[in-house]
Amino acid sequence: MLPSDDRELAGNGLAAARKLLKIVNDLLDVSKIEEGRFGYNFEQTNLVIFLSEILKNAQAVAKEYDIKLYFDKGAQQQLMVTIDPNRLGLAISNLLDNAIRYNVKNGSVTVNIKLLTDKPFAEVAIADTGIGIPPENMEKVFTKFFRAENVIKRETEGSGLGLFITKNIINRHGGTIRAESVIDRGTTFYFTLPTDSRLIPPKEVGLGI
Ligand SMILES: Nc1ncnc2c1ncn2[C@@H]1O[C@H](COP(=O)(O)OP(=O)(O)OP(=O)(O)O)[C@@H](O)[C@H]1O
Ligand SMILES: [Mg+2]
């Protein structure tokens with residue numbers, strides 16, 4: 001057993017190493033996405049169970065930030081979609097990570113699923129009660145390395161890669177993503193996934209960079 005000062009140092013070292021690893025992984029993911037070589041393995045998955053699992057994993061971080069995490073399944077118990085669980089899991093974790101970290105103490109995050117009535121898509125909404133995104137920054141949040149002024153001011157950490165990766169993953173699944181936000185009130189990200197697997201693009205395309 002290490003003395004407590006040494007334990008704290010070792011803990012700091014581990015946290016720093018994890019952060020660095022995340023940056024390296026995000027940069028590698030971005031390069032692969034731009035080349036059209038991220039690689040996807042699609043399988044039939046129950047979206048309700050899949051989201052429950054991801055939310056369970058996010059509980060620890062939510063607790064650390066004093067944020068309550070809610071899952072509103074709506075009428076859905078069984079909603080089959082064709083997804084790459086690893087890739088889509090990363091996309092949703094990025095959205096939850098933002099919703100938790102750009103929130104306020106004792107705030108909340110609510111995840112909701114519904115089936116759209118006018119087209120064969122499911123829509124997932126991730127709503128937070130956080131700091132919001134300035135209207136003039138809304139268009140840029142999905143671009144690489146972009147971070148809004150209100151998060152830079154708060155000295156929160158981040159590279160501005162999470163939403164770029166997330167958007168590309170959702171698009172590869174045949175879905176779209178958008179956000180609505182009110183400053184100091186909160187932000188909701190909405191993404192769709194086709195419930196008909198024929199709507200998934202036949203192959204991954206690079207971004208021609
Ligand atoms: N839920 C949210 N509430 C408020 N601002 C948000 C939210 N989600 C994203 N943003 C804004 O969009 C920017 C881009 O988000 P993105 O996840 O791409 O990068 P990041 O969180 O800064 O860094 P990282 O690469 O570690 O995810 C954020 O820096 C923040 O300004
Ligand atoms: Mg992020």
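1. Start with how helix 3 meets helix 5. On the helix 3 side, R87, L88, L90, A91, N94, L95 and N98 touch G162, L163, I165, T166, I169 and I170 of helix 5, where contact means heavy atoms within 4.5 Å. By class, that contact has eight nonpolar, four polar and one charged residues. Here Ala, Val, Leu, Ile, Met, Phe, Trp, Tyr, Cys and Pro count as nonpolar, Asp, Glu, Lys and Arg as charged, and the others, Gly among them, as polar. Helices are DSSP runs (H or I, at least four residues), strands are E runs of at least two, and both are numbered from the N terminus.

2. A word on what you're looking at: this is a predicted model, with local features needing pLDDT of at least 70 and side-chain atom pairs counting only at pLDDT 80 or more, while totals for chains, interfaces and linings use all residues. Residues are numbered from 1 along each chain as its sequence is written, chains are lettered from A and ligands numbered from 1 in the order in which they are written, and side-chain values use heavy atoms, with hydrogens and water left out.

3. Now the geometry of that pair. The axes of helix 3 and helix 5 come within 9 Å and cross at roughly 140° (axes are lines fitted to C-alpha atoms over the stretch in contact, and angles run from 0 to 180 degrees between N-to-C directions). That makes helix 3 oblique to helix 5; under 35 degrees would be roughly parallel, over 145 roughly antiparallel, 65 to 115 roughly perpendicular, and the rest is oblique.

4. Helix 3 (residues 85-101) also packs with helix 2 (residues 47-64), at an angle of about 40° and with the axes 10 Å apart. That makes helix 2 oblique to helix 3 as well. The contact between helix 2 and helix 3 has twelve nonpolar, two polar and no charged residues.

5. Helix 5 itself is largely enclosed by the rest of the structure, because nine of its eleven residues are buried (under 20% relative accessible area with a 1.4 Å probe, protein chains only; exposed is over 50%, partly exposed in between). Its buried residues pack against helix 1 (4-35), helix 3, strand 6 and strand 7 (186-194).

6. Have a look at H173 too, in the loop between helix 5 (162-172) and strand 6 (177-182). H173 counts as buried because its relative accessibility is 0%. Its side chain reaches the backbone nitrogen of D84 at 3.0 Å, and a polar atom of the H173 side chain lies 2.8 Å from the backbone oxygen of I169.

Conventions:
Polar contact = N/O pair within 3.5 Å; in protein donor to acceptor, adjacent residues only side chain to side chain.
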